[in-house]
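Please read this briefing alongside the sequence and the model. It takes up a few topics in turn.

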Amino acid sequence: MALFQISEPGESPAPHQRKRAIGIDLGTTNSLVATVRNGLAVVLPDDEGRPLVPSIVRYGEHGVETGYAAMAHQTDDPQNTIVSVKRLMGRGLADLADARRFPYRFVDSPGMVKLDTRTGVKSPVEISADLLRALRERAVDSLGGEVDGAVVTVPAYFDDAQRQATKDAARLAGLPILRLLNEPTAAAIAYGLDNASEGVYAVFDLGGGTFDISILRLSRGVFEVLATNGDSALGGDDFDHRLFCWIIEAAKLSPPSPSDARLLLVKAREAKENLSEHDSATIVATLAAGQPVNLTLTKATYTEITGNLVSKTLQPVRRALRDAQLQPTDVKGVVLVGGATRMPQVRRAVAEFFGQPPLTNLNPDEVVALGAAVQANKLAGNRERDDDWLLLDVIPLSLGLETMGGLTEKIIPRNSTIPVARAQEFTTYKDGQTAMAIHVVQGEREKVSDCRSLARFELRGIPPMVAGAARIQVTFQVDADGLLDVAAREQETGIEATITVKPSYGLSDGEIAKMLADSFAHASDDMQARALAEAQVEADQIATATEAALAVDGELVGDDERVVIDSALTQLRRMQDGTDHLALRAAVEALNHATGDFAARRMDRNVSRALTGKRVDALSS
Amino acid sequence: MIDFSRNYFDLFGLAASFRFDLAALDCAYRQLQSDVHPDRFAGDSDAAKRLAQQSSARVNEAYVALKDPVQRAQYLLRLHGIEAISETDTALPLAFLERQLERREQAADAQAAGDIPGLTALLADARAESAALEHMLGQLLDGEKAYAAARMQVRELTFLAKLADDIDAMLAAIDS
């Protein structure tokens, strides 16, 4: 709908009914779904009033189970009961230093590891999609209808592969995704809007499997992320594991079976949670072979054995402050996010580093989902009081290209505000070279082998020239989700190659479409009806807008072009009352296509400025 | 949407000068992003979203270029048809080069020794020299409008900024 560019920012050309918008915190340990109701962000609980969904999926004898139902089987069916799948997103087997820690049957596959389960080989994307589907169903039940738009959060320090995998999972779950939002930023939104804060804030987010630190400046309704850092493989899980190792050592156990291991991990987690409230905890368990375990752990011992994990979080904090060119004393408040920040030794370390007690007035488990719901509500176009705020986020890791000698040339530095686009020129290094390999990498290190490889593609058909004569412009574009597109173009000849950076393991669009089609095979009639109603509204909008535009700027259209536009318009008007939403969409597309050049010329004329304050529907009357 | 043909200063409604009100830039930047950011167009057509993305990226590019004094000086020269640094002409005064080489050697030694105070002192030194150069550039560019004559200073400033960045990276590496 190219012609709608002249509507006012933030307003849709036609009044809408309220959209069903949700925010999802897809966590390592727990997930949540939230929405804005009567101007207030609320978490949607299950029938029993429980807000959290344990991020556990079980491929059982009788189908897929998620949440608490799956959790009940984590010790008796560990290989088919998948916990902490977030740690596997966008990761190959080689990336998992701790693969042996998991009881799963891993299947190595290019780029991303897969898991062999009772119901077949599953990728982490599919497993996450099963979780997201459960969250979507909860929202549908609670909101009384299909979700119109969702914001899904990701750790700020997730790289492109991990983000893309998360977005694929959301698509696979049939969620209309409005935006990927960084978790600490979501927390800052929930916190900042709640407290009407101004100044520099740090969000310290230690979740189940990931750690993020973001430094933000809040001023007059703008949330500006100055720097972010973290460790996408450090979280509460690691504290559990450290404790698990301590149990094995202290009880002098031999390496446990998968189900014993899971049992001890569960006991470790319970002890960890107990120690947040008490000075000691007991660990009592009976292993499968009948061997009893009975240990007492003091808070002091626990603090000692996890000391290096706590100090591991402070290194990214120092880096983020350095990148933001700030001192700890410049920070006005520190917001704690994530269940793992309940540990007293973490709170103490944060307080000591920043010289002030951290803020804990929002529930650290819920704050991310609440912020995501607020953002989703706004992006979906629901108007609220105090919604005149803006979010400016950054990319966490530098993006670059491989150059000669296996070195990285950074194109977009870390902590660049998104969206961002940057172009750089390269040339051929051999006489007569007709192709150029482009290797896109992400990371801070000098050597390509130390960075994450995101994509490879080739620009072919460069006419033979002497070395150094070709001028190849490579353009990087990062969108508001933090996802990258790369294009290469030889400047003399205009030869181009483009790639949407998709990890090589990533599901192809075709695969996703097929999986979606399968899951919607039994879609009910009202979904059809809804699709038709939406297509009709859209058709009417674009037809009306086109007519209005032709009335105002008709002289910008050539005679031949006018014939094409008129015919597309007539065709669309004729089909508008039909029942085939796909045909109607096609007609909308055809009109869009026919008016593309016209719209561009109108923009060139800077029509939008001349029309400030007017809307398409105002013009047509 | 924004007018892509306007220069960075115009885009923010600010006068093209080297001496600069950063608070005014921050304010104009936030206002402009409020108007063009893709979040304002999440419910619109793909074309509108794409345009918002490009506009917003352009505003970010302009903001980064003006905020940093080195880039601002280079940009100001470019607006007057002068490239401060070109592939064919990278000449710098010999005395300046010698001093920079010496500093780089000192920095490398300090890094090898893990000498944080030494590196910090070198960094402060480089920044002080940058500040003096910036002051001089304010006179040259805004007072005398001597853009061509300012070329050498802009080049030196660029060189010093790179040195400061490198020392900063060394400090970060020792720190972590």
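Which residues in α2(A) meet which residues in α3(A)? Pro124(A), Val125(A), Glu126(A), Ser128(A), Ala129(A) and Leu132(A) of α2(A) meet Ala165(A), Asp168(A), Ala169(A), Ala170(A) and Leu172(A) of α3(A), where contact means C-beta atoms, placed from the backbone, within 7 Å. This is a predicted model, in which local features need pLDDT of at least 70 and side-chain atom pairs count only at pLDDT 80 or more, while totals for chains, interfaces and linings use all residues. Residues are numbered from 1 along each chain as its sequence is written, and chains are lettered from A and ligands numbered from 1 in the order in which they are written.

**The helix pair α2(A) and α3(A)**
- The axes of α2 (residues 124-143) and α3 (residues 160-172) of chain A come within 8 Å and cross at roughly 50 degrees.

**A three-stranded sheet in chain A**
- An open sheet has the strand order β8-β9-β10 (chain A) with antiparallel pairing, where strands (E, at least two residues) and helices (H or I, at least four) are DSSP runs numbered from the N terminus, and two strands pair if DSSP finds at least two bridges between them.
- Its edge strands, each pairing on one side only, are β8 (105-107) and β10 (120-122) of chain A.
- Three bridges join β8(A) to the antiparallel strand β9 (residues 114-117) of chain A, and Val107(A) stands opposite Lys114(A) in β9(A).

**Strand β20(A) and its partners**
- Four of the five residues of β20 (residues 399-403) of chain A are buried, so this strand is largely enclosed by the rest of the structure; a residue is buried if 20 or more other C-beta atoms, placed from the backbone, lie within 10 Å of its own, exposed if 12 or fewer, and partly exposed in between.
- Five bridges join β20(A) to the antiparallel strand β21 (residues 407-412) of chain A, with Gly400(A) opposite Lys410(A).
- The hairpin of β20(A) and β21(A) has three residues between the strands, and Gly405(A) takes a positive phi near 80 degrees there.
- Three bridges join β20(A) to the antiparallel strand β23 (residues 435-442) of chain A, in which Gln442(A) is the bridge partner of Leu399(A).

**Chain B**
- The secondary structure of chain B comes to seven helices and zero strands.
- Buried residues make up 34% of the 176 residues in chain B.

Notes. Axes are lines fitted to C-alpha atoms, for helices over the stretch in contact, and angles run from 0 to 180 degrees between N-to-C directions. Two residues are in contact if their C-beta atoms, placed from the backbone, lie within 7 Å.
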